[in-house]
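This report describes selected features of one protein model. The sequence and structure are shown first, and the account follows.

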Amino acid sequence: MSVLRQPPPSKPSVSQLPPLTLSNPSMVAQHTPCTMHLSVLPPELACKLFYTMVDLSQAWKRNKWWLFDRVVESPHRTSFFVRKTNGVDDDESWQEAAQYWYNGRATDPPEVFPKLMEEACEYVEKIVNDEMRKRERLPLEWTGQGQSWHANVAASNCYEGAQESVGFHSDQLTYLGPYPTIASLSLGTTRVFRLREVIPSDEISTRRGRTFNIPLPHNSLTIMHATTQESFKHSIPPQPTLDMYRPLYPHPAKPSALPEPSNCRINITFRFYRPDFNPKSIPRCKCGVPTILRPDMKNRHDGKTDRYWWTCYAGAQNDGKGCDFWRVMDMRAEGRGTATTEPGT
Ligand SMILES: O=C(O)CCC(=O)C(=O)O
Ligand SMILES: [Fe+2]
């Protein structure tokens with residue numbers, strides 16, 4: 001006699017929505033904490049800045065870090081800039097911040113914003129401030145002590161060809177502090193910027209993170225507003241093909257030649273390093289190196305009770321060997337925050 005067994009009780013299935021392409025600014029604003037702005041710089045400035053950065057990028061480095069027991073190398077080139085017009089060699093805090101960008105590897109003093117980047121930054125700041133005025137400030141966010149958002153550093157990436165990429169990550173908050181606003185300028189060939197929400201542990205049985213693909217054209221600005229780093233991861237995935245960028249203007253070094261199509265994308269992320277998270281204030285771990293600040297993405301709540309922690313970062317640099325340093329960040333006890341915020345509340 002055959003016995004018919006009951007099938008095992010099925011787990012309640014959580015439906016996974018398919019990836020969604022956000023092809024215009026209103027879709028980006030509807031589905032993510034980011035905004036997208038098109039044709040942000042005068043066309044000639046955008047084109048010349050693209051040439052400047054591609055030329056500079058020949059000397060940029062691929063980031064390296066330890067992952068378990070091997071060194072991995074980022075599949076794109078990157079560089080870090082500070083916004084100063086006089087010498088930076090004497091300012092050790094910028095040196096430390098720059099070194100950080102390269103996962104602790106020793107670097108030359110960081111470069112200062114090239115003239116055209118400075119010009120672009122002024123347009124970017126205006127757009128960012130117009131956008132921020134429409135949004136509420138969160139309690140731990142920098143309120144500017146009367147100052148508006150401004151960039152004091154920038155990191156730039158060059159992706160050459162369709163295969164160069166950056167994997168899913170959220171930006172470290174070490175010098176940015178909680179709920180930063182990061183303005184990301186795209187120049188050159190269009191690439192997809194991919195965002196995926198990290199679902200808090202207590203919602204994992206009821207919903208899944210959806211993947212959003214945002215094609216970023218030449219001369220567009222993506223603003224990652226407050227909560228983007230706390231609730232989403234982002235990446236630039238490799239893609240099967242790409243459309244070449246056709247510059248409108250010739251390269252300044254070859255003014256009479258026809259502009260050549262390019263397979264490069266330049267990204268410049270303009271960032272504001274907070275004075276209350278300056279390098280001297282960053283806790284050191286047992287390895288003696290500055291820790292990194294990360295949000296507790298899995299246990300976030302309402303933007304008011306969110307947690308951040310300082311953890312050892314030596315593992316990324318020091319043959320993969322770090323320590324177990326881990327400490328919750330306490331704005332009030334660490335003396336951080338601005339006059340108009342209520343730190344720690
Ligand atoms: O290239 C981009 O748009 C993203 C770069 C990025 O995520 C980063 O530099 O942290
Ligand atoms: Fe990033």
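How are α2 and α4 oriented to each other? The model, which is predicted, packs helix α2 (residues 43-57) with helix α4 (residues 115-132) at an angle of about 140 degrees. Angles over 145 degrees would count as roughly antiparallel and those from 65 to 115 as roughly perpendicular; α2 and α4 are therefore oblique to each other. Their axes lie 9 Å apart, and the crossing of α2 past α4 is left-handed.

On the α2 side, the contact is made by Leu 45, Lys 48, Leu 49 and Thr 52, which meet Leu 116, Met 117, Glu 119 and Ala 120 of α4. By class, this contact has five nonpolar, one polar and two charged residues.

The unreviewed UniProt entry lists residues 150-274 as "domain: Fe2OG dioxygenase". Over that range the chain is 3% helix and 40% strand, with the end C-alpha atoms 10 Å apart.

Ligand 1 is surrounded by residues that include Asn 157, Asp 171, His 234 and Thr 269. Strands β6, β12 and β13 each supply at least two residues of this shell. The class composition of the two residue groups is tabulated below.

| Contact of α2 with α4 | five residues | one residue | two residues |

Technical notes
Residues numbered from 1 in each chain as written. Chains lettered and ligands numbered in written order. Predicted model: local features only at pLDDT ≥ 70, side-chain atom pairs only at ≥ 80, totals over all residues. Axes fitted to C-alpha atoms, helices over the stretch in contact; angles between N-to-C directions. Helix = DSSP H or I, 4+ residues; strand = E, 2+ residues; numbered from the N terminus. Parallel < 35°, antiparallel > 145°, perpendicular 65-115°, else oblique. Left-handed = near helix turned anticlockwise from the far one by under 90°. Contact = placed C-beta atoms within 7 Å. Nonpolar A, V, L, I, M, F, W, Y, C, P; charged D, E, K, R; others polar. Near = placed C-beta within 6 Å. UniProt positions renumbered as here; feature names shortened; annotations may be inferred.
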